[in-house]
Structures are given as structure tokens and as C-alpha cells.
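These are my notebook entries on a structure I consulted. I set down what I looked up, entry by entry.

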Amino acid sequence: MLEKYAEIAGHHVVEHLRQLAKPLAGLRLVHINSTKAGGGVAEILHKMIPLMRELGLDVQWEVISGEPRFYECTKGFHNAM
Amino acid sequence: MDSDPVQPLYLKDCALIAMATGKRAQNLRELRDHLRVIPSNSIYYHFWGGLLRPRFDDPEYHNDFAIWAAHSIHNKSLAERLAVIDPVAFRSLEDLRLELLDVIEESLDETEFPIWARRDDQFEFIQHQIVVFDTGKSVKKPSELADVLRQLNMGSIFFHFIDARRRNENAVDDFRNWLRQFGTQYQDMCESILAIDPYFSTLSNLKEVLVNSILAHLQGDTKPDA
């Protein structure tokens, strides 16, 4: 997937990503959001997770679920920010 | 014993990572007040950072202060005065800060009531962290310099020709600094590189001018004993 990005963004940009990721190799990272489809975060993570894994990071994506009041609360955080 | 004292020039690439300072100005007085105390790193970013960003602004204005003055508080006269400030002409960022403050004070003296920018169009003071990358490229002889320069990205030109001036003694770019080890042999080339203004241009244009300038000297060098 990185190679496909390199064709558009330039090989040097992907090389930058590889150099930035090198000291982070083996790092475990969990992305948590509240939906696996729809919304900007899910859209980004669908691409970002495989890209980060290709760069050698141990990345997981977990989806947290809840009742409507839970989503009212997370949306409240989002809007406040 | 023969030894090769010539040090290669190892070429790097770079990016400026922008970071919010949390300081913003909605009118000229606020801009002046923040400018008095903002870290010099932020002044550097607002003067030079634009060269590394894709720009859709009016190229008439080369620094972020001038762009904001023109488009957000609609003070064209101030924008023009800010736009002609050449950061290369100042020995330090502190001297540049003083010049900025002088120009802004002068403008404040001329206006009774400062114009306010829209709330969503405030001047956001940004600071930066430079991130340096290896290109895997190096130059061992001046005759290789133009060819390698052609292959470099804009970040490399920025790092070696602009940012180098705040790292090297006497504000010298990396190319001239490296050529110094050959004594006076490349003095003309150094002088012609020195004459290139790094500010009122784009990085791609700078690269072209650098390559042409170096090539012109190299071709001159090869004529007598070719």
C-alpha cells in the first residue's frame, strides 16, 4: 500500500515515513473509536492501520460500543473540542 | 603517507513540523504584543516556513505577517512594508523581531483604531520542530555537485541552502561551507552562490539557479586543460 502512495505523494515522502517509523519499531499502539464504518475517524483508520503496520508498528483498532446516551456524551466531547 | 582530507558532503532532507503556540492576534496591537515575547523559532517559521508549504496565497507577500495584514486586516500599506523585509539582511532573529516591531509600531501610529480580523481569521502564532532525514546521497567532488543537486527534493534545498545559515558559523550555507575545504579553487563559485537570494523565490527556482550557477563555473574550470 505504501508503494501506491509513493506513486502519488513521491517516493521521498514514503522514505521519510520509513525513517520516522524506524525508532518506533515494535511499539504497540491501539486506536479506539466508537464506530467501524462511517465518520471521518473510521475512514482514516481503514487506511492508517495497514499503513502503520506496513511501517513495522504493532497497531490494533478496537471499537467501543454503548447506548445512545454514551454516543451523546462522546459527541458532546467532540463538539466541545 | 597520502591521505584524502576531503570530507564528503552528506545530503539530508527535512520537514518543518508546525506546532501551535496557542497565541493568536485579532488586531495589530495584539500582534505587536505577542511579537514582543513570542519565541524566535516562531518568527523563523512565519518567514521561512512558507517555502516548504504548498502555497495558494498571493506570491506578492513572502511572509505570513504580510499575508495576514493584507488579507485579514486589509492593511495593504502595512502588508507591503512587511513583505519587503528580507530576513537574510538581519544578523539574528532578534534583529528581525525588532524590525518587525518597528514596522508595526509605525503602522499603529498612523491608525487611530486598529482594524479587527474576523474571529476565525486571527493570526495564529506557530512554532516548529525541524525533522531531518537521510537521503543516502553524498558528494565527494565539486564536479559532482550539480548532478546530485538536480536529484534533490525541495526539503534538501531548504536544509542545506537556507536552514544551514543558522547552523553554520557566519551564516554560511552548507554548499559554500563544504567548498571552503578546497581553498581558493572554488572561490568564484562560492561568490556566485553567495549572490543568490534565498528568500524572494521558490525552492524549485532556487534549485535551478544553484545548479546553473555551479554548472557555469564547472564548465569554465574544464576549458583550460580539457
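Entry 1, order of elements. I read chain B along its sequence and noted the pattern β-α-α-α-α-α-β-α-α-α-α-α. I recorded 10 helices and 2 strands for chain B. Helices (H or I, at least four residues) and strands (E, at least two) are DSSP runs, numbered from the N terminus. This is a predicted model, in which local features need pLDDT of at least 70 and side-chain atom pairs count only at pLDDT 80 or more, while totals for chains, interfaces and linings use all residues. Residues are numbered from 1 along each chain as its sequence is written, and chains are lettered from A and ligands numbered from 1 in the order in which they are written.

I noted that the C-alpha trace spans about 70 × 30 × 30 Å along its principal axes. Of the 226 residues in chain B, 32% are buried (20 or more other C-beta atoms within 10 Å of the residue's own; 12 or fewer is exposed, in between is partly exposed; C-beta atoms are placed from the backbone). I also looked up contacts (C-beta atoms, placed from the backbone, within 7 Å). Among those in chain B between residues at least 6 apart in sequence, 69% join residues at least 24 apart.

I examined helix α2 (residues 40–48) and helix α5 (residues 93–110) of chain B, which pack at about 70° with axes 10 Å apart. Axes are lines fitted to C-alpha atoms, for helices over the stretch in contact, and angles run from 0 to 180 degrees between N-to-C directions. From α2(B) the contact takes B:Ser40, B:Ile43 and B:Tyr44, and from α5(B) it takes B:Leu93, B:Glu94, B:Leu96 and B:Arg97. I classed the residues of this contact as 4 nonpolar, 1 polar and 2 charged (Ala, Val, Leu, Ile, Met, Phe, Trp, Tyr, Cys and Pro are nonpolar; Asp, Glu, Lys and Arg are charged; the others, Gly among them, are polar).

I located B:Ile17 in strand β1 (residues 9–25) of chain B. B:Ile17 is exposed, because 9 other C-beta atoms lie within 10 Å. Leaving aside neighbours within four places in sequence, I found B:Ile17 in contact with B:His128, B:Gln129 and B:Val131. B:Gly49, 32 residues from B:Ile17 in sequence, is 9.5 Å from B:Ile17, C-alpha to C-alpha.

I noted a phi of about 55° for B:His74, which is not a glycine. B:His74 sits in the loop between α3 (64–71) and α4 (76–83) of chain B. B:His74 has 11 C-beta neighbours inside 10 Å and so counts as exposed. B:Ala171, also other than glycine, has a positive phi near 55°. I placed B:Ala171 in the loop between α7 (154–167) and α8 (174–179) of chain B. B:Ala171 is partly exposed, with 13 other C-beta atoms within 10 Å.

I found B:Asn212 in helix α10 (residues 203–222) of chain B. B:Asn212 is partly exposed, with 13 other C-beta atoms within 10 Å. Its C-alpha atom is separated by 7.8 Å from that of B:Ala146, 66 residues apart along the chain.

Notes. Two residues are in contact if their C-beta atoms, placed from the backbone, lie within 7 Å.
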